Amino acid sequence: MSRGPWSLALRRLRTDRFALVFGILFALIVAAAIAAPLYASEVAHTTPSENHLTDQIVVDGEPTDVVSLEGIPIGPTWRGSYLLGADENGRDLAVRLLYGARATLVIGGGAVLLTLFLSIPLGLAAGYLGGRTDALISRLLDLLWSFPALLLGVLLSTAISLSGAQIGPVTIGSGSKLIPLVVIGLVYVPYMTRPLRGQAMALRGQPFVEAARAAGMRPLRLMAAELLPHLSATIVVVSTLLFVNAVVLEAALTFLGAGVNPPEPSLGVLIAAGLSEVVLSPHLLLVPSIALVLIVLSLTGLAEGVRRALDPRGKVNFDLVRGR
Amino acid sequence: MIGFAARRLGAALVTAWVASIIAFVLFWTVPNVDPAYWLGGAQHGNDATRARATEKYGLDDPLPVQYVRLMKSILNGEIECFYSCGSLRTTFVQALPVTISLVAGAGLIAVGLGVWLALICVRHRGRWQDRLITTAATAAYSVPSLVLAALLWAFVSYRWGLFPAEGYVRLRDSPWGWAKHLFLPWIASALPFAGAYVHVVRASLLDTVDQDWVRTARAKGLSEKRLIRRHVLRNGLIPPVNIWGLDFSHAFGGFVLYVEVIFGLPGVGGLTANTLASFDLPPIVALAVYLAIVVVFFSAVVDVIVAWLDPRLRQPRPST
């Protein structure tokens with residue numbers, strides 16, 4: 001019995017111990033992020049935005065201020081409330097971290113979905129139709145490609161925050177979490193479209209495409225039914241790699257004030273806030289930094305595994321650190 | 001060769017010009033908040049400031065006229081900000097050497113480390129050294145520059161005081177002080193790139209080592225050292241060089257933005273970050289145009305250098 005390419009890939013992924021470990025780690029992080037409200041209400045008994053400036057908790061039998069009179073927040077208690085300490089407003093850092101990780105992952109994932117939504121039609125059209133369509137799409141994307149993702153992102157995001165934007169039925173006001181999502185999604189369009197276009201171009205001359213055309217298939221249907229399945233491996237590989245970059249780009253944009261707006265938590269917000277408080281409360285910088293590294297590391301390990309499983313001959317070209 | 005360089009620089013000019021139009025459209029015409037209000041001092045503009053701003057910037061003129069006037073003022077360096085920004089072009093040109101020092105140093109470290117480690121991997125291919133280095137490289141590019149910069153600054157220079165926490169010394173004034181101020185920013189920016197380069201260079205070198213002509217060269221008695229240096233590296237580094245080139249030009253609008261902010265370096269990245277935070281439109285457009293020129297110029301220069309290294313690339317690209 002012959003096996004399909006997907007089941008072969010899955011089998012390769014299952015025997016890839018490296019990828020499995022990172023995959024499980026990432027699954028745990030996602031589960032924790034999803035469970036953020038549960039943790040907040042059941043374990044920490046607070047919300048990510050609730051201040052506790054004057055509260056006291058009992059540590060080792062002694063009542064301790066959450067935020068001392070000098071304004072120094074409590075460090076990690078390793079207990080239910082203030083597991084990882086508090087910030088300068090007495091907010092529970094563990095709760096904010098979980099909500100922040102959730103925001104970062106949602107923005108990263110949403111951005112990749114938006115990129116896919118735009119790049120698949122663009123890449124297929126440019127690669128299969130060729131000619132003027134290709135010239136137009138490629139020139140446009142080359143222009144975007146020649147500028148760094150972070151600069152484009154910061155400029156776009158600033159422009160949108162100044163004016164708000166109207167995309168179909170969705171209105172994005174300034175300060176919305178959708179701004180970084182849309183910006184990152186747009187900035188990565190050339191990164192996804194390029195490989196898709198290349199593959200579509202290579203497939204155009206294949207006999208099965210000619211056969212479909214000879215049978216009278218319309219271009220639109222041909223692209224969706226005949227070409228798209230051949231691109232799925234590339235799409236999955238590039239998407240996972242872009243997801244890693246999107247998470248990093250969110251943190252960088254937010255750090256520069258062009259992403260998620262504080263007090264709304266995201267990993268970028270927490271790192272930026274931690275950096276300004278690092279003298280007296282190093283945990284405020286260390287905790288979100290470690291969290292971001294763990295997310296990026298696990299996701300990279302998983303993405304590399306997916307790449308080894310789906311693209312064993314290394315056909316997909318992807319520059320790992322560009323676009324952050 | 002000269003023809004290629006001229007063509008490439010011409011294309012760069014066109015790209016920069018299109019970018020300036022986009023920046024103009026994005027910041028001058030799209031904001032549905034009345035730009036006059038923004039120019040009249042953030043959100044606090046009233047009818048008086050609005051009238052003043054409209055007259056000062058000629059906001060009632062047709063858009064092409066406004067575009068030409070804005071670009072003229074940007075290229076002359078005499079941008080009228082509502083907040084004071086002095087001569088932005090002079091500030092930008094003075095800040096540029098700081099950023100070039102940062103990017104060039106980080107680039108040298110990333111490329112040097114990447115090639116050196118990749119060579120070790122190739123020599124010990126498949127053995128523990130190879131596995132150790134590739135694993136370490138993956139770990140290196142999993143630590144984002146942002147986090148690395150924040151942690152290095154916060155602990156090594158700010159809390160422990162091992163390196164200056166702020167400022168910059170010109171290379172001309174004191175090479176030692178220059179290196180001391182830039183050392184941590186270099187490390188923070190270079191490590192993730194070095195990690196990625198190990199993978200890229202290793203893959204490319206392994207491809208090269210398997211070629212028939214390498215076997216032939218070895219069979220005719222070339223020493224391993226000479227073989228690697230003169231033959232394998234020269235061919236195997238061509239694909240990575242293209243990546244380095246693009247990364248180098250992109251760096252001017254990439255990691256420098258936050259690395260310079262974190263380390264308090266007075267470069268163009270920090271300048272851009274501060275200007276964006278001020279929401280003052282004319283200098284934002286100006287910096288977008290300046291950075292576009294820098295990025296496009298460096299990517300053209302890099303392309304010319306790469307073409308000089310590999311004559312095959314000098315022919316006009318087949319329509320890709």
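**Confidence, contacts and local geometry of a two-chain model**

Student: Where in chain A is confidence lowest, and where is it highest?

Tutor: In chain A of this predicted model, strand S3 (residues 165-167) has the lowest confidence, with a mean pLDDT of 65, while H4(A) has the highest, at 93.

Student: And what is the mean pLDDT of chain A?

Tutor: Chain A has a mean of 86, and 94% of its residues reach 70 or more.

Student: Which ipTM and pTM does the predictor give the complex?

Tutor: The complex receives an ipTM of 0.88 and a pTM of 0.89.

Student: Let us turn to helix packing. How do H4 and H5 of chain A cross?

Tutor: The axes of helix H4 (residues 93-129) and helix H5 (residues 131-145) of chain A come within 7 Å and cross at roughly 135°. H4(A) and H5(A) are therefore oblique to each other, and their crossing is left-handed.

Student: Which residues make that contact?

Tutor: H4(A) supplies A:Leu122, A:Ala125, A:Ala126 and A:Leu129, and H5(A) supplies A:Gly131, A:Thr133, A:Asp134, A:Ile137 and A:Ser138. By class, the residues of this contact of H4(A) with H5(A) are 5 nonpolar, 3 polar and 1 charged.

Student: In chain B, are H13 and H14 roughly parallel or roughly antiparallel?

Tutor: Helix H13 (residues 268-278) and helix H14 (residues 281-309) of chain B have axes that cross at roughly 150° and come within 9 Å. H13(B) and H14(B) are therefore roughly antiparallel to each other. H13(B) passes H14(B) in a left-handed crossing.

Student: Which residues meet there, and what classes do they belong to?

Tutor: From H13(B), B:Val268, B:Leu271, B:Thr272, B:Thr275 and B:Leu276 meet B:Pro283, B:Ile284, B:Leu287 and B:Leu291 of H14(B). The residues of the contact of H13(B) with H14(B) comprise 7 nonpolar, 2 polar and no charged.

Student: Back to chain A: in what sense do S1 and S2 pair?

Tutor: Strand S1 (residues 56-59) and strand S2 (residues 62-65) of chain A pair in the antiparallel sense over 4 bridges. A:Val58 stands opposite A:Pro63 in S2(A), and A:Ile57 has A:Thr64 in S2(A) as its bridge partner.

Student: What phi does A:Asp60 take in the hairpin?

Tutor: A:Asp60 takes a positive phi near 50° in the hairpin of S1(A) and S2(A), which has 2 residues between the strands. Most residues other than glycine have a negative phi.

Student: Which residues of chain A are joined by a cis peptide bond?

Tutor: A:Pro262 and A:Pro263 are joined by a cis peptide bond, with omega about 10°. A:Pro263 lies in the loop between H10 and H11 of chain A.

Methods
Residues numbered from 1 in each chain as written. Chains lettered and ligands numbered in written order. Predicted model: local features only at pLDDT ≥ 70, side-chain atom pairs only at ≥ 80, totals over all residues. Axes fitted to C-alpha atoms, helices over the stretch in contact; angles between N-to-C directions. Parallel < 35°, antiparallel > 145°, perpendicular 65-115°, else oblique. Left-handed = near helix turned anticlockwise from the far one by under 90°. Contact = placed C-beta atoms within 7 Å. Nonpolar A, V, L, I, M, F, W, Y, C, P; charged D, E, K, R; others polar. Pairing = 2+ DSSP bridges. pLDDT = per-residue confidence, 0-100.
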